[in-house]
Amino acid sequence: MQIIPIAAEHRERVNRILWEEWRCPPSVSRGRAIDTTNLRGFLCMENGELWGLATYCIGGDACELVTLNSFHENRGIGTLLVRAVAEEAKARGCKKLWLITTNDDTNAMRFYQKKGFSLIALHVNAIEASRRLKPTIPLTGMDGIPILHELEFEMRL
């Protein structure tokens, strides 16, 4: 597997995937809309096939992991992409890598904790405000769990 930065020639495909997978733009995090159409990120490629992608945005000394997709589960793709974002963030002077997930995504909660992230905040009913910015957020998510809260995870770099 090869991890490469998202380049101009990938942008159309990346944006199409972000729409299909996340209904982005925008992504919504902590009460703000993020235009995903120009975010930096990485692709995981294998024999010319796209196996995963991650996008991020840097603000001050913090890097937010905005999206993470693995199209072949349990093959280390997510791990490689998170590692690439963390290394880039550290190289750019960031002190932490953080992300938001929703209360229904128990798979993400497990994954991020295994990768060294700590749950640092529960933002109760934050999705209510997020839906005002992004009405396409469904009411119900994985396993029929109502999507209500944002969970904030952080990794010190």
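How many bridges join β7 to strand β9, and do the two run parallel or antiparallel? In this predicted model, 7 bridges link β7 to β9 (residues 150–156), and the two strands run antiparallel.

## The sheet

The sheet is open and is built from 7 strands, in the order β1-β4-β5-β6-β7-β9-β8, with mixed pairing. Its edges are β1 (2–5) and β8 (118–123). Each of these has a single partner strand, so one side of each is left without a neighbour in the sheet. On average, neighbouring strands are turned by 25° against each other, direction ignored.

Helix α1 (residues 11–22) packs on this sheet and touches β4 (40–46), β5 (49–59) and β6. The direction of α1 makes about 90° with that of β5.

Strand β7 covers residues 96–102. Of its 7 residues, 5 are buried, so β7 is largely enclosed by the rest of the structure. In the sheet order, β7 stands between β6 and β9. Towards β9 the pairing is antiparallel, with 7 bridges, and Ile100 stands opposite Glu152 of β9.

Towards β6 (residues 62–70) the pairing is parallel, with 3 bridges. Ala62 has Lys96 in β7 as its bridge partner. Between these two strands comes helix α2 (residues 77–91): β6, α2 and β7 make a β-α-β unit, which is right-handed. In a regular strand, side chains alternate between the two faces of the sheet.

Arg83 lies in helix α2. Its relative accessibility is 44%, so Arg83 counts as partly exposed. Arg83 and Pro26 are 57 residues apart in sequence, and their C-alpha atoms are 24 Å apart in space.

Asn74 is found in the loop between β6 and α2. With a relative accessible area of 82%, Asn74 is exposed. The phi of Asn74 is near 60°, a positive value in a residue other than glycine.

## Cysteines

A disulfide is a covalent bond between the sulfur atoms of two cysteines. How many disulfides does the model hold? The count comes to 0, with a cut-off of 2.5 Å between cysteine sulfur atoms.

For Cys44, the closest cysteine sulfur is that of Cys63, at 18 Å, which is too far for a bond. Cys63 is in no disulfide either: the nearest cysteine sulfur to it belongs to Cys94, 5.2 Å away. Cys44 has 0% relative accessibility and so counts as buried. Cys63 is also buried, with a relative accessible area of 0%.

## Aromatic rings

A pair of aromatic rings is described by the distance of the centres and the angle of the planes. The structure holds 4 aromatic pairs. One of them is Tyr112 with Phe117, an edge-to-face pair at 5.3 Å centre to centre with 75° between the planes. Both members of this pair are buried: Tyr112 at 8% relative accessibility, and Phe117 with a relative accessible area of 3%.

Tyr112 also pairs with Phe153, in a tilted arrangement: the centres are 6.3 Å apart and the planes make 40°. Tyr112 lies in helix α3 (residues 106–114) and Phe153 in strand β9, so this pair ties together parts that are 41 residues apart in sequence. Tyr112 and Phe153 are both buried. Together with Phe111 and Phe117, they form one aromatic cluster.

## Backbone exceptions

Most residues other than glycine have a negative phi, and most peptide bonds are trans.

Arg30 has a positive phi, near 50°, in a residue other than glycine. Arg30 lies in the loop between β2 and β3 (32–34). Its relative accessible area is 36%, so Arg30 is partly exposed.

Note on methods: Residues numbered from 1 in each chain as written. Predicted model: local features only at pLDDT ≥ 70, side-chain atom pairs only at ≥ 80, totals over all residues. Heavy atoms only, no water. Buried < 20%, exposed > 50% of the residue type's maximum accessible area, 1.4 Å probe, protein only. Helix = DSSP H or I, 4+ residues; strand = E, 2+ residues; numbered from the N terminus. Pairing = 2+ DSSP bridges. Right-handed = clockwise from strand over helix to strand, strands pointing away. Axes fitted to C-alpha atoms, helices over the stretch in contact; angles between N-to-C directions. Contact = heavy atoms within 4.5 Å. Phe/Tyr/Trp six-rings, centres within 6.5 Å; stacked < 30°, edge-to-face > 60°.
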